[in-house]
Amino acid sequence: MRCLLILPLFLVAFSLPALADGPAEGRIRVGTWNIEHFGNRKVPRSDEDIAAMAAFVKELGVDVLALQEINGAAPLKRLIKALGADYDFVIGTTGTFRTAQIGVGFLWNTKRVKLIQAEELLDLPSKTEQGVWIFHRKPVIAAFRTVVTGFDFRAVAVHLKAGRLNQGERWEQDVVKRSAEVEALGKRLEELLAKPGEDQDLLILGDFNSDPTYPSAKAFAKRFEYLKPAIKHRSITHFDEQIDHVVISKGLKEEVVAGSLKIWFERHD
């Protein structure tokens, strides 16, 4: 099972700075969760499992949640039904594992935020110049506007190439692929932010499959800032690393509640 990272943000107008003593109702929570083969497990999740997952999301008050390893729309419809009518979702089209989709997307509370626009970044390359396959799962980017204050921001859901360092030739190839992915994505997002009049509030969140010591993480950190959790904790049960992250643009830095990034761990096996 995977952990859930939650990031509270101040809900302020775009032109105004965030205030450390701002009211609680002037904040939203943005998070990321790799649910691991959601909809395509050997032992399918029961209705009770889905209800427990929905209760977990609602208990933590997550307003926008990036998701990874989603087997199409069907499991998300089950989760929406358990969450209630105030939630909606969007999922990309790419990413397969064996015969099932393993896609990325977003889930959000429609009473708290409104979706302005969403798209899958299909223009990102599928191969490097050397012919190496990358972006098996293309990121999904979405623009949201808060209901209470009208503060808007962009969020990018990612699930980068898996594989760990120092685990043989295959794993080193995975590191090469992941580094190429962050280079292409970083360039694409920098071009977006450089457009005249473009909103500078941007966050990238999801399963990076790398802790901050990996080459790909170091490369991405030259462009964007990795937020550090208030308490260090692994974000996956399989090994002792934090591989799920929230990364922000310089424009969003003042809007983040300092020290608010947390990693929640709860089993829903």
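This is a predicted model: local features need pLDDT of at least 70, side-chain atom pairs count only at pLDDT 80 or more; totals for chains, interfaces and linings use all residues.
Residues are numbered from 1 along each chain as its sequence is written, and side-chain values use heavy atoms, with hydrogens and water left out. Local features need pLDDT of at least 70 and side-chain atom pairs count only at pLDDT 80 or more, whereas totals for chains, interfaces and linings use all residues.

Seven of the eight residues in β10 are buried (under 20% relative accessible area, with exposed over 50% and partly exposed in between; 1.4 Å probe, protein chains only). Strand β9 (residues 140-146) pairs with β10 in the antiparallel sense over six bridges, where pairing requires that DSSP finds at least two bridges between the strands. Within this pairing, A142 has A155 of β10 as its bridge partner. Five residues separate the two strands of this β9-β10 hairpin, and in the turn G150 has a positive phi of about 85 degrees. Strand β11 (residues 202-207) also pairs with β10, in the parallel sense and over six bridges; here H159 stands opposite D207 of β11.

Turning to the rings, the structure holds eight aromatic pairs (rings of Phe, Tyr and Trp, the last by its six-membered ring, with centres within 6.5 Å; planes under 30 degrees apart are stacked, over 60 edge-to-face and the rest tilted). The pair of W108 and F144 is edge-to-face, because the ring centres lie 5.6 Å apart and the planes stand at 65 degrees. W108 belongs to strand β7 (residues 103-109) and F144 to strand β9, so this pair ties together parts that are 36 residues apart in sequence. W108 counts as buried at 5% relative accessibility, and F144 is buried at 0%. Ring pairs also join F106, W108, F144, F151 and F153 into a cluster.

Finally, the axes of helix α1 (residues 47-60) and helix α2 (residues 73-83) come within 9 Å and cross at roughly 65 degrees; the axes are lines fitted to C-alpha atoms over the stretch in contact, with angles from 0 to 180 degrees between N-to-C directions. The contact (heavy atoms within 4.5 Å) involves D47, I50, A51, M53, A54, V57 and K58 of α1, together with R78, L79, A82 and L83 of α2.

Conventions: Helices (H or I, at least four residues) and strands (E, at least two) are DSSP runs, numbered from the N terminus.
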